[in-house]
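Colleague: I am new to this structure. Please pick a single part, look at it closely, and then go on from there to what surrounds it and to the other chain.

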Amino acid sequence: MTGQRKGALALLTLAVVLALSRNFLPAGLMRPPEWLVWPFADWLNAAFSFCQNDLGLMAVTRFAASGIEFLLDVTGNLFYGKNRWPHLGPLPWTTFAITAGCVAYVLAGRRLALFSAGTFVWIAVMGQWEWAMQTLSVILIAAPITFVIGLGLGILAWRARWVERLLNPLLNIAQSLPQFAYMIPVVVFVGVGPKAGAITTIVFALPPMIRMTVLGLKKVPENVVESGLMSGASRWQMLVRVRLPTARNEILVGVNQVIMQCLAMVVLTSFIGMPGLGQKLLQLMQSLKIGLSFEIGVTIVLIAVTLDRISRAWAVQQPRHFERGTPWHQRNQVFVTWAGLMLLAFALASLNPWFSQIERSEALSVAKPIDAGVDILIRLIDPVSQWLRWFLITWVLIPFRDGLLWLPFTTVLCLLMSLGYSVGGPRSALVCLGFFGLIAMTGWWDRAMITVYTVIVSVTLAALMGFPLGIWGARSSTRAARVLLVCDTLQTFPSFIYLIPVIMLFGVNDVAVVGAVILFAAVPLVRYTIEGLRGVSAELVEAAAMSGADRRQLLWNVQLPMALPTIMVGVNQSAMFSLFMVIIAAFIGTQDLGQEMQRALSTTDVGKGLVLGLAVAFMGLMVDHLVTCWSETRTRSLGLDASKRV
Amino acid sequence: MKHRSILLSGAALLALSSAVFAEDSTDSMVIGLHDWSSQIVDSRVVGDILESVGDKVEYVTTDSQAVYESIRLGDVTLETEVWEATFGAAFTAALAKGGIVDVGTMDAVTREEWWFPEWDKEVCPGLPDWQALNACAAKFATPETGEKGRYLGGPVDWQMHDGDRIAALGMNFTLVNAGSASALWAEIAAASKDKRPIVVFNWTPNFIDAVYPGEFVEFPAHYDGCEDKPELGVNPKAAYDCGFPGNGYLKKAAWDGMEKKWPKAYAVLQKVNFTNAQLAEMAKMVDVDGMEPEDAAKKWLADNEAVWKPWTN
């Protein structure tokens, strides 16, 4: 332990010395010298153009994409009447509401049935039917494909150690790569349109599915496996009948993640031609229609909740048994009802077009009151927001940013190594050096520092708001449930909608960027603080209370220290969310990696986009490494079993 | 006599070949849509016109810069609005690479320039003159620009060279780049609430004309060589000492395979021609009257048959 401290201290001293002697340093220590900046982007572009033109990979990818396109055309025709085979659609909106309601009823009962049917009624009545169907027609293809591929790869990784070894670093990078970085190669290799949207979504949603499958399969207890073997199950039966059902819980979390990721991509994929809600949302935002884009946001959240609850219910449902001799129509009561209602729906649709599709002109809207509300709110807090803008810019943001840019890059590297050393010894120090050294080698050092600065400020401010809120929320279970519901909603609500109101409040500057990022960064902090605090064992709290600790002591000396490892997972996620959001905040106007990423997307510069994406990914991976390392040591010293945590 | 027969057979051959190629492919054409309303509506208008002559059309939303790459690859068939100042660079680069063709310039002229809302005149009465603007630069100061005025420019990838112009004209302004058109609009909308003075990048025709009245700043007029001959212009030492060209082109672009595959549609597209007033009207139907782009296109077609019917012959 002392050796670790000494090493960290030595590196810290070196960092300080470098910073203090900054004015005498050779230029090569101030900013990465030319020999250190390698043309990664050119190499990647050369590799891509080799694959694209010489290997003819483009023909292969485009052929594969045409398979997906066929599926998308089928759902496209059924859902919103795209002019493709089987030329049946569009189905009336009532049929969707009825089907969703019946499916939900079979799986989870009346409440979910009402909610699911209600979601579709809302979509139809609000006049968003065609857009929502364009979105759903892609998600309902992308999500199952992701599930199947993810499950397959997960099983492979669980079976063969080398597959896991190969996949692990790839998944790590994929999960911390900003979405825009994926989209550029997709435009080149697949083209634009719904198929590109579907493929980007699949790539983005795949990692958590693989992860959770591997985790679930690994956790299957020995005794379950043994009892399976004793009953003479073959290898295939072992997998399908024993292991996968036992791993159901984790796989379920994977499915849930897939759905959430799919919906998170709805808006972003519209940049590469995905039609539907996301595209409409961007268009409405462009003409500053906040109320109408808010309505779309609500729809996306409702769809997410519906799909999530239905898929959960499907996964936990138990087989149902009927008494012998129950007549067919009783056994299939819901099916009969469904068929009846469907006939009714088609009949109504042929009588009155309102039951088939509700035109925009007949639609309801809550946009006016929302717009008025936003307007009043902005006027009301304008003095506060103008002061806050002045204060944050003059006293916090500009000094901090300039300070970070003032530091020689060698100081930053030494500081990070020192941090790594103190957390995980020489190995972590080298990991930190590796990640940030590579960022230095991309030649985007200054921009990377601006990204770092935005993330640090955002996470800090988010923590100042999120921790108290989390502690407050953890007091009772009803409160916790409510706060977590808000967290879920904020997380699925499309982040693009925040961009316009924050500009209206703060103008185009870093305060607006930080403001938009905070909303996102606070969510995991609140969530994990609540989960950490509520996870502290009741016996421990009781024992402390019995020895006379008051509420404050309980919180500070017992609950928080015990919950800290979980809370740190929240900090880690918060940093990751911030990194993603900072890239999106380039649409407000930033000077960081995100701005360059936007430029790479509009010039379809694959190499540059990937290099920038990797630079962001490395930041995320470094934070992840440090937090994981720290929390493992911490958990061990608290005597908690590390393997119990997910 | 001999000449005449050659001529005749040539004409016959021409007629024959045009008869062979006259039929359009039954595949759908793909029209690229972007994120501003006039473009979405006039794309729908063009799409509806093409459908009226029997073609099939589909729409796809794409980035307004990346679309030229997609056209080159044939993923997108045509584009209805190529603005000179903002997309000229991407379009010219794509032309040089090949795969895309220029389908002609419309009557509409575009203007892209520094712009101020009318309430600015109260604090800076000398506007729209650029020197008057420069004299009241402090009125446009914000916390992040200190004592200098803030000019909110368009996204960096539009490559406007505003920073160069500020330097060349010795202006007391700092350039801040907005990240998207929406960011520019949001800034104007926010400023309108308390009539805060702002100068932003803007262009016409667009819906801002109808919602927030304002004017363009008058800079030294654009001249040939402003961008690459420092010795010319107001500042003999620097380039970019002028405003943007007041009448930028608005072109149509198409995939170079379009003429072969859909000759009839290509001929129609060549004739498609909108004026500023028509584009502003289309944008207004969506942005101010709240119509859906599809419906706005239908309405425009119904109201303006005399304009577009001749394009289809």
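Modeller: The loop between α4 and α5 of chain A holds A:His87; note that the model is predicted. Although A:His87 is not a glycine, its phi is positive, at about 55 degrees. A:His87 counts as exposed, because 10 other C-beta atoms lie within 10 Å, and the cut-off for exposed is 12 or fewer. The loop between α4 (57-80) and α5 of chain A also contains A:Pro86. The peptide bond that leads from A:Trp85 to A:Pro86 is cis, and its omega is near 5 degrees.

Helix α5 of chain A covers residues 93-108, and its axis comes within 9 Å of the axis of helix α17 of chain A, residues 333-351. The two axes cross at roughly 170 degrees, so α5(A) is roughly antiparallel to α17(A). From α5(A), the residues in this contact are A:Thr94, A:Thr95, A:Ile98, A:Thr99, A:Cys102, A:Tyr105 and A:Val106. They meet residues of α17(A), among them A:Trp338, A:Leu341, A:Met342 and A:Leu348. By class, the residues of the contact between α5(A) and α17(A) are 11 nonpolar and 4 polar, with no charged ones.

Chain B has 14 helices and 10 strands, and 49% of its 313 residues are buried. It has a histidine with a positive phi too: for B:His161, not a glycine, phi is about 60 degrees. B:His161 sits in the loop between β6 and α7 of chain B. It is partly exposed, because 17 other C-beta atoms lie within 10 Å. Chain B also has a cis peptide bond, from B:Leu127 to B:Pro128, with omega near 10 degrees. B:Pro128 is placed in the loop between α5 (120-123) and α6 (130-135) of chain B.

β6(B), helix α7 (residues 162-168) of chain B and β7(B) form a right-handed β-α-β unit. β6(B) and β7(B) run parallel and are joined by 5 bridges; in β7(B), B:Leu175 is the bridge partner of B:Tyr151.

Both strands belong to an open, mixed sheet of 5 strands in chain B, ordered β7-β6-β8-β5-β9. β7 (173-177) and β9 (214-216) of chain B are the edges; each has a single partner strand, so one side of each lacks a neighbour in the sheet. Even so, 4 of the 5 residues of β7(B) are buried, which means the rest of the structure largely encloses it.

Conventions: Residues numbered from 1 in each chain as written. Chains lettered and ligands numbered in written order. Predicted model: local features only at pLDDT ≥ 70, side-chain atom pairs only at ≥ 80, totals over all residues. Axes fitted to C-alpha atoms, helices over the stretch in contact; angles between N-to-C directions. Helix = DSSP H or I, 4+ residues; strand = E, 2+ residues; numbered from the N terminus. Parallel < 35°, antiparallel > 145°, perpendicular 65-115°, else oblique. Contact = placed C-beta atoms within 7 Å. Nonpolar A, V, L, I, M, F, W, Y, C, P; charged D, E, K, R; others polar. Pairing = 2+ DSSP bridges. Buried ≥ 20, exposed ≤ 12 C-beta atoms within 10 Å, placed from the backbone. Right-handed = clockwise from strand over helix to strand, strands pointing away.
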